[in-house]
Amino acid sequence: MKTLIQFINETQADFQYATGEFTRLLNDIGIAAKLVNREINKAGLADINGYFGSTNIQGEEQKKLDVFANDCFLSAMRYGGMVCAVASEENDELYTYENAFSQKGKYVVAMDPLDGSSNIEVNVPIGTIFSIYRRKGVSGPGTVEDLLQPGNQQVASGYVIYGSSTMLVYSTGNGVNGFTLDPSVGLFLLSHPDMRIPEGGNIYSINEANYIYFQQGVKNYLKYCQQDDKSTNRPYTTRYIGSLVADFHRNLIRGGIYIYPGTVKNPNGKLRLLYECNPIAFLAEQAGGKASNGYERILDIQPTELHQRVPFFVGTSHMVEMAEKFMREYAE
Ligand code: AHG
Ligand code: MN
Ligand code: MN
């Protein structure tokens with residue numbers, strides 16, 4: 001079995017930013033993931049469930065595990081010295097490393113340290129999402145401008161899913177590979193080489209309780225998903241966990257579309273461009289799928305704010321294209 005580190009070392013030779021530094025950064029992320037995994041596995045036993053007693057910039061209450069995961073990833077990257085700044089869901093402002101060693105780091109990272117954290121207490125899969133860019137400035141602390149790059153500039157992205165097994169799935173722009181944690185030896189082992197999103201899937205994933213707030217294009221696409229037509233495998237089937245990582249991971253393996261659209265109340269939807277949509281969109285495209293805001297490619301959107309939100313349609317190409325067709329018909 002090939003380990004994550006063996007795989008990274010072998011494949012970095014083909015990678016345009018082939019430096020040992022990048023390998024170390026992915027390794028640091030893997031180490032933090034193992035620490036977070038260990039804590040998550042104790043949920044229900046140790047006093048780590050529940051709220052931390054604070055809210056983040058989006059006004060969401062932080063759970064203890066949100067804060068723990070954030071600290072874990074921030075410190076793993078601090079001591080590696082590859083990263084000069086991190087945009088995190090759990091930090092209002094850009095997090096910059098104060099030590100001179102880190103300020104020489106060539107990379108900046110955007111991350112959702114714990115995705116789906118409302119699902120912690122109910123034993124449903126949760127995740128970590130990360131997105132890596134080369135910094136734009138050459139020295140000193142990283143800046144917000146270093147992070148405000150369109151997703152097509154990502155050098156790598158990935159997620160960790162803490163599920164029935166724990167997996168790390170990532171891409172450096174040359175396909176998508178998945179590694180499963182063998183807890184007995186503490187190693188991520190290559191279990192899902194060259195992941196491709198199936199064209200023949202029939203899953204649609206959306207929080208349909210918001211139906212009355214959806215735009216007409218989304219409503220009509222949902223009706224399309226529910227119509228009977230054997231030649232196109234309809235009606236599709238609904239699966240919705242409420243953890244983006246878990247919903248996307250399932251659709252990546254089975255084929256399907258995940259939608260978090262804009263609503264009347266929140267025209268930009270809920271999900272954040274930098275650390276939820278861009279990294280997942282990069283993986284989707286690398287696996288042969290698509291990601292859109294309903295009208296344009298997610299990866300081409302020029303971000304203007306660290307915590308900006310965007311409507312999200314991601315998954316099997318023809319399903320995303322069909323959803324876009326319905327959106328365009330009713331574009332206001
Ligand atoms: P987070 O836990 O990082 O705040 O993200 C939760 C997100 C995402 O994981 C999920 O797909 C979505 O919220 C679910 O939202 P709804 O409960 O509105 O469906
Ligand atoms: Mn999230
Ligand atoms: Mn989160």
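Predicted model: local features only at pLDDT ≥ 70, side-chain atom pairs only at ≥ 80, totals over all residues.

Me: Which residue bridges the manganese ion (ligand 3) and the manganese ion (ligand 2)?

Reply: Asp112 does, and the two ions lie 3.8 Å apart.

Me: Is Asp112 buried or exposed? And Leu114?

Reply: Asp112 has a relative accessible area of 0%, so it is buried. Leu114 comes out at 2% relative accessibility and therefore counts as buried too, the cut-off being under 20%.

Me: Switching to the fold. What is the order of the open sheet of eight strands?

Reply: It reads β4-β3-β5-β6-β7-β8-β9-β10, and the pairing is mixed. At the edges are β4 (95-96) and β10 (187-192), each of which pairs on one side only.

Me: How many bridges hold β3 and β4 together?

Reply: Two, with β3 (residues 83-88) and β4 paired in the antiparallel sense. Val86 is opposite Tyr95 in β4.

Me: Which helices lie across those strands?

Reply: Helix α2 (residues 20-41) lies across β3, β5 (107-115), β6 (126-134), β7 (156-162), β8 (166-171), β9 (177-182) and β10, and runs at about 165° to β6. Helix α3 (residues 64-80) lies across β3, β4, β5, β6 and β7, at about 155° to β5.

Me: How far does α3 reach from its first C-alpha to its last?

Reply: It has 17 residues and reaches 25 Å, close to the 24 Å expected at 1.5 Å a residue.

Me: And how many of the residues of α3 are buried?

Reply: Twelve of the 17, so α3 is largely enclosed by the rest of the structure. Among them are Leu65, Val67, Phe73, Leu74 and Met77, and also Asp66, Asn70 and Arg78.

Me: What follows α3?

Reply: Gly81, with a positive phi near 75°.

Me: Let me pick a residue in the sheet. Where is Ala156, and what does it touch?

Reply: Ala156 is in strand β7. Leaving out residues up to four places away in sequence, it touches Phe22, Ser131, Ile132, Ser171, Thr172 and Phe282. Its relative accessibility is 0%, so Ala156 counts as buried.

Me: How far is Ala156 from Arg297?

Reply: Their C-alpha atoms are separated by 18 Å, and the two residues are 141 residues apart along the chain.

Me: Phe22 turned up in that contact list. How many aromatic pairs does a search of the whole structure find?

Reply: Eleven. In one of them, Phe22 and Tyr107, the ring centres are 5.4 Å apart and the planes at 55°, so the pair is tilted. Phe22 belongs to helix α2 and Tyr107 to strand β5, so the pair ties together parts 85 residues apart in sequence. Both residues are buried.

Me: What about Tyr224 and Tyr236?

Reply: That aromatic pair is edge-to-face, with 6.4 Å centre to centre and 75° between the planes. Tyr224 sits in helix α6 and Tyr236 in the loop between α6 and β12, so the parts tied together here are twelve residues apart in sequence. At 12% relative accessibility Tyr224 counts as buried, and Tyr236 does as well at 9%.

Me: Which residues form one aromatic cluster with them?

Reply: The cluster consists of Tyr221, Tyr224, Tyr236 and Phe326.

Me: Last topic. What is the strand order in the open sheet of five strands?

Reply: β12-β11-β13-β15-β14, with mixed pairing. β12 (237-238) and β14 (290-292) are at the edges with a single partner strand each, so one side of each has no neighbour in the sheet.

Me: How does β14 join to β15?

Reply: Through three bridges, and the two strands run antiparallel, β15 being residues 312-315. Lys290 stands opposite Gly315 in β15.

Me: And which helices pack on that sheet?

Reply: Helix α6 (residues 216-226) touches β11 (203-205), β13 (256-260) and β15, its direction making about 150° with that of β11. Helix α9 (residues 317-329) touches β11, β13, β14 and β15, and its direction makes about 150° with that of β15.

Note on methods
Residues numbered from 1 in each chain as written. Chains lettered and ligands numbered in written order. Heavy atoms only, no water. Pairing = 2+ DSSP bridges. Helix = DSSP H or I, 4+ residues; strand = E, 2+ residues; numbered from the N terminus. Contact = heavy atoms within 4.5 Å. Axes fitted to C-alpha atoms, helices over the stretch in contact; angles between N-to-C directions. Expected span 1.5 Å × (residues − 1). Buried < 20%, exposed > 50% of the residue type's maximum accessible area, 1.4 Å probe, protein only. Donors = N, O, S within 2.8 Å, 3.2 Å for Na, K, Ca; no water. Phe/Tyr/Trp six-rings, centres within 6.5 Å; stacked < 30°, edge-to-face > 60°.
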